[in-house]
Amino acid sequence: MEKRGIGLRLEVLYEMFIMATKIISADSRTRSSISIFIVVGLCCFFYILGAWQRSGFGKGDSIAVEMTKSGADCSIISNLNFETHHGGEPVTTDDSESKPKVFKPCRSKYIDYTPCQHQKRAMTFPRENMVYRERHCPAENEKLHCLIPAPEGYVTPFPWPKSRDYVPYANAPYKSLTVEKAVQNWIQYEGNVFRFPGGGTQFPQGADAYINQLASVIPIDNGTVRTALDTGCGVASWGAYLLKKNVIAMSFAPRDNHEAQVQFALERGVPAVIGVLGTIKLPYPSRAFDMAHCSRCLIPWGANDGIYMMEVDRVLRPGGYWVLSGPPINWRNNYKAWLRPKEELQEEQRKIEDIARLLCWEKKYEQGEIAIWQKRVNAGACSGRQDDARTTFCKAEETDDTWYKNMEPCISPYPDVNSPEEVSGGELQPFPKRLYAVPPRVASGSIPGVSVETYLEDNKLWKKHLNAYKKINKIIDSGRYRNIMDMNAGLGGFAAALESPKLWVMNVVPTIAEKSTLGAVYERGLIGIYHDWCEAFSTYPRTYDLIHAHGVFSLYKDKCDAEDILLEMDRILRPEGAVIFRDEVDVLIKVKKIVGGMRWDTKLVDHEDGPLVSEKILVAVKQYWVVSAENSTSSQ
């Protein structure tokens, strides 16, 4: 009799389950989050009952059997479509028949809108020292509260490595570089695609030959050099071809008259941000890069008391290399071709050589138009500069404090060492061994609250989290997502667990994060950037395939409007791109409500440890829609 009663109660629960499912499926835009919890709760209830039922009594027992067959996956509602419509033609829909949206599309003129590098606003700032090309974000009353549309005909980029060489014309329909850089093999227009032959201003014969020349001096091939910085990167062909050597470059260039150069880089699947070496520190930690590079990047290295070379020195790892290619190197043989007075070029190179000596860099190579310097491994070989009246050292505690902080004409001090041979700041293992080796910043206790033990536990945790994500989205590491962003990267555990030649991760460490961990992220052979999510990111629209947001909305709960952060995520996410939120359930309910009006499809999923854990996962896919010729929208 008791078992029969349980069976009847299960029948009632079953009816509730069906009703809740109907409520959810009836209207994807207005379904109640309460109904979702009914489904998830009942699902897990049945899973628990599966341990009890053995007798087969009643209809309810058979329901429990069916539910428990799915095991731990009972909390996953897997009807999201993570696939792409690559190459598909957009189908125009009648707006009068579509459901009303909370957030309307922006006007078509905003297709490539970059809020903090907006051309009209930039022109109101001084041109001296490139101030006008730095970040200048809109005031609160100037922010757009609409969805940035994709251009008509937009398609998903080609998979890597084809994307390195080809970009669909519709995705970035700008031909100016094909004319301006025609003889330098930057980019060519062929039919409905742009082709990137791998050339550059300083390597018109191809990046491979150029990189091989550098590799004759710099240990690029054995994992010693893993992270690189490309200043004034153009379309980032140097960084694109370095990936063959398992070297990952952070490339940057301003949004200027070379229209869409960073956009092209990201469409190719190459890491890049909009940026400039002007008056503000670069948004990277000290001792981040194994190599820095300038190929005719037009930065006046000898100007302003050497402040630009000092900034490179700050972000260059002890023992790292700086490559300068182009004017004024070897000016004696090239001044006529460059159409510049030889006296001017001579003075320019003299200043560069003088600053390099002050920084205690050793010149390793000069041939043709290429010169290479190496930063010393510690301060032991630099005692002579103490007597130079120009030597001013920055405060050690400020070397990683970069967000909107002015560059200063001072030298970043080396961390102390115990022997003449010791690498200041700690020696790194060759990549890929360094990916899971303990970062020197962690081993030395330089990051308060992060010990070796917590670092190792963090790695285990993110491997576990990634396995859970793969159950939700089985193609997460298949190559479908090339450009990935982690909005709150911590120690880089998510990126390390995902590491693959098929993808790369931009590890963002929020400026308000409790722990400054970006230096440790770089010591793992990963790349990243400091950023404040109350402002727009320094990239073009539609440049990331997958965004991971762990604890972001809890972190910014009382700092800025969640709506602004979500609209920015929508701006930088490609159509049919995916988002994984991991946060407290009450936070995710609010997020889910907002994105319900942003043309995103979402599902809430339990934590991998079960429904009793308050942290949940919200997965989302951005719908495919584009602007049409009539300034309405199209979808498919």
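This is a predicted model: local features need pLDDT of at least 70, side-chain atom pairs count only at pLDDT 80 or more; totals for chains, interfaces and linings use all residues.
Select Cys116 and Cys137 next, which are joined by a disulfide with an S to S distance of 2.0 Å and, at 110 degrees about the S-S bond, a right-handed link. Cys116 sits in the loop between strand S1 (91-92) and helix H4 (119-122), while Cys137 sits in the loop between H4 and helix H5 (162-165), so the pair ties together parts that are 21 residues apart in sequence. With a surface displayed, Cys116 counts as buried at 2% relative accessibility, whereas Cys137, at 25%, counts as partly exposed.

Move on to Cys294 and Cys297, whose sulfur atoms lie 2.1 Å apart in a disulfide; here the torsion about the S-S bond is about -95 degrees, so this disulfide is left-handed. Both of these cysteines, Cys294 and Cys297, are buried.

Then select Cys394 and Cys410, a disulfide with its sulfur atoms 2.0 Å apart and a right-handed link, with 100 degrees about the S-S bond. Cys394 and Cys410 both lie in the loop between strand S11 (370-375) and helix H13 (440-443), so the pair ties together parts that are 16 residues apart in sequence. Cys394 is buried, as is Cys410.

Finish at Asp570, which is found in helix H18 (residues 562-572) and is buried, its relative accessible area being 1%. If residues up to four places away in sequence are set aside, Asp570 touches Leu147, Ile148, Met598, Trp600 and Lys622.

How values were computed
Residues are numbered from 1 along each chain as its sequence is written. Side-chain values use heavy atoms; hydrogens and water are left out. Helices (H or I, at least four residues) and strands (E, at least two) are DSSP runs, numbered from the N terminus. Buried means under 20% relative accessible area, exposed over 50%, partly exposed in between (1.4 Å probe, protein chains only). Contact means heavy atoms within 4.5 Å. A disulfide is a pair of cysteine sulfur atoms within 2.5 Å.
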